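Q: I would be grateful for a close look at one part of this structure, the place where its two chains meet.

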Number of protein chains: 2
Amino acid sequence: MTERIVIENLATIPEGNVTVAGWVDKVRDQKKVQFVVLRDESGAAQLVHPRAEESDPIADIISGLATGTFIRVTGELKLDERVKLGGLEIKIADIEVVTAANPETPIAADSGIDKRLDWRFLDLREARNNLIFRAQTTLEHAMRTYWIERDFIELHTPKLMASASESNAELFEVEYFEGKAYLAQSPQFFKQMAQSAGFGKIFEIGPVFRADPSFTSRHATEFISVDAEISWIDSHEDVMKMQEELLVAAISAVREKHGEEIKELFDVDVVVPTIPFPRIPLAEAKKIVAERGYEVPRKDDDMDPEGERQIAAYVAEKYGHEFVFLTDYATSIRPFYHMRNADDQTITNSYDLIWRGTEITTGAQREHRIDILEAQAREKGLDPTELEFYLDFFRYGVPPHGGFGMGLSRVMMLMLHQPNLREVTYLFRGPNRLTP
Amino acid sequence: MTERIVIENLATIPEGNVTVAGWVDKVRDQKKVQFVVLRDESGAAQLVHPRAEESDPIADIISGLATGTFIRVTGELKLDERVKLGGLEIKIADIEVVTAANPETPIAADSGIDKRLDWRFLDLREARNNLIFRAQTTLEHAMRTYWIERDFIELHTPKLMASASESNAELFEVEYFEGKAYLAQSPQFFKQMAQSAGFGKIFEIGPVFRADPSFTSRHATEFISVDAEISWIDSHEDVMKMQEELLVAAISAVREKHGEEIKELFDVDVVVPTIPFPRIPLAEAKKIVAERGYEVPRKDDDMDPEGERQIAAYVAEKYGHEFVFLTDYATSIRPFYHMRNADDQTITNSYDLIWRGTEITTGAQREHRIDILEAQAREKGLDPTELEFYLDFFRYGVPPHGGFGMGLSRVMMLMLHQPNLREVTYLFRGPNRLTP
């Protein structure tokens, strides 16, 4: 590897000769002295070059540097409290242009989101954007570590399926040799299969696909779903308990590793929630929202996004909490595989998790009794013969189980107070965006 | 959660009252005493019930237990050295049938692989198969931990693309609203994009898709690719160095956590390789193979699978090593984006990694100089206008970089000495397999 020191480590070494490498962020080309702000994956530093009286090849190189050009620089590191960037500066002794950038940069700080996404690789050079993905890396690793310390098995379920995983709507069709395949909308059936296979506790972090033509701030046609499924639960309460512990572990890790930088670049405090998160049955939540003057304008029994914001506001006021589990969703609006309440068949052992007004998760206990499961499928208008491969999982024994699915980018969006998924997704995919 | 103790923890608690839960593996229904072998995600234990003289409801339940039925049992744990299963036994006080299994099990120990895959959820109940996925979980976590300790960023690149990622062959086409999309054959372009974005070092573990009609033991239409890409390398040597360290960390973790159990169930020693792995330029490897009496029957400059086995045998004999990096592949058989050797344009800065005769990785330094990259694309018969979005990454500055892609299931197959990918994939996908 090129011998170089990453910029964030400059503060930890003594003054003297160093090599750094990265891209040119800014050049101030003054008469007597030239300054270059150099950035790499870890931060930014100031390079300085006092112009020589006569021929000065280094000055000529610096004068020609375009923003984005990658350079390698050797020079003398000096501490200098007056320098804003970390209180240090490197006096250039040698400079090498590694790749010259096209000087006409296609995006600027005030470019719109679509333009920025067209040039995402340049947009991602922004320190804020780089931080999003470092924070996401920490979040994911903390979640996986939480699970692995508790003996969960990591799954990779197939994304190519012979039939729909949940409904025939929003399904992408694939040409598969002489036939057709479909892209998985969720790992639902396959993570339940692991329960019948006796895996006990599993998780998966992987892509899912929805042929959803919406253009909201919260939808994408491809996104990363964080899924877990556990055996031997008594009800959805056991799933919620695991999920809230998981989120506390994950958010704590982000706060610890990146909290200060997030405060600086996003002006956001990463708040670690307290356990337990508040829980409100959906019917009660709708009453609370109605008392606040908002009637959910839906004919079915579901909440709507404004209702979710209202109940979040209520929870923030009453409990000082950013999260709320809405529980016991009506049978009419839940899929056939959600278990119904033993005492009230009109509601299910299920929940949604709302974070600051936006839904990030649906979870539930699953129906594991084959006769009831078949009846519920029929009642929802599904043809059990098309579900045979799934129903078979329940014919040869399966423990009571449940789990959840959570959108990774929604979590990042809410944690960093961002306005939409596009900002926090490496490469967003929507109905009219398939590039870059 | 149901109060229960997982079986592997029975050995750590005192004799007395316990609750266990899992599925019935075997029943020995004798005249005076009944035995049940119970399995859960962690192991197997013996349950015992001495028949009563008169009416005995527990005995009736046990007599009716089908293999695979999930039960919950409370009873008295007793240590008993005569019991083969862990030297302990639970005397049943109470038994509850949670889900009765269909007594006609569709597969048996001697069923063929296709039949077993049709009933994969039952096949996965085998202790060996369960162990595969626990070992894989450990392997992946060790790899991610290696990377995260070294400040790599985890990426999730999109699997839906507007055009081919590498070649137009083996590409799955997706109906995408009014148009078409394609499934990513690799994250190649998008992980290189991260280098231009200044991410420095990245990894991804995610699915890739190949419309490859082959039916070999080593191919699948969907598989998990382990990818890494790093900036500021001097050559492919830096990539190989990272990969061998990564594999040592990962294989060590598996050996430490599961080595004994793998020895017991697979009769396989997990061997941690020594560093550095042997490196042999491809041209030299072909000479060595020829001297061993095998002429690679290919017209191009590539190795073939038998050649890979031969060179692996040579390396095993000469260096006592299971791994070998074959380096410096001919330009003619490498993609346009592999960097060529500065002194010899007929070879590339690339490698394959062979483990016990099977290729598990292709890696390379990438060409980052836009003029050369465009020329190489043209030379390979590609139309640079179709590659514009990719070529743009290089027009605005990019550091020298390289990386590799490694098939996760190939690693598991070779580590556990399994004959094919089907055995080590949760749900295999091939040209004629899309279910379950």
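Which residue of chain B comes closest to the rotation axis, and at what C-alpha distance?

A: This is a predicted model, and every value below is computed from it. Among the residues of chain B, the closest approach to the rotation axis is made by Val174(B), whose C-alpha lies at 2.2 Å. The axis itself comes from superposing chain B on chain A, which takes a rotation of 180° with 0.0 Å of shift along the axis and gives an RMSD of 0.0 Å. The two copies are therefore related as by a two-fold rotation axis. Both copies use the same surface, since 100% of the contact residues of chain B recur in chain A.

The extent of the contact may be considered next. Chain B contributes 103 residues and chain A contributes 103 residues. About 8600 Å² is buried between chain B and chain A, and carbon and sulfur atoms give 66% of this area. Three residues, Trp232(B), Tyr396(B) and Tyr426(B), supply 11% of the area that chain B buries against chain A, more than any other three residues.

Two salt bridges are found across the interface of chain B and chain A. Arg144(B) forms a salt bridge with Glu154(A), with their closest N and O atoms 3.0 Å apart. On the side of chain B that touches chain A, helix H4 (residues 127-149) of chain B gives the most, with 10 residues. By class, that side of chain B has 55 nonpolar, 23 polar and 25 charged residues.

How values were computed. Residues numbered from 1 in each chain as written. Chains lettered and ligands numbered in written order. Predicted model: local features only at pLDDT ≥ 70, side-chain atom pairs only at ≥ 80, totals over all residues. Heavy atoms only, no water. Least-squares fit on C-alpha atoms with pLDDT ≥ 70 in both. Contact = heavy atoms within 4.5 Å. Buried area = accessible area lost by both parts, 1.4 Å probe. Salt bridge = Lys/Arg side-chain N within 4 Å of Asp/Glu carboxyl O. Helix = DSSP H or I, 4+ residues; strand = E, 2+ residues; numbered from the N terminus. Nonpolar A, V, L, I, M, F, W, Y, C, P; charged D, E, K, R; others polar.
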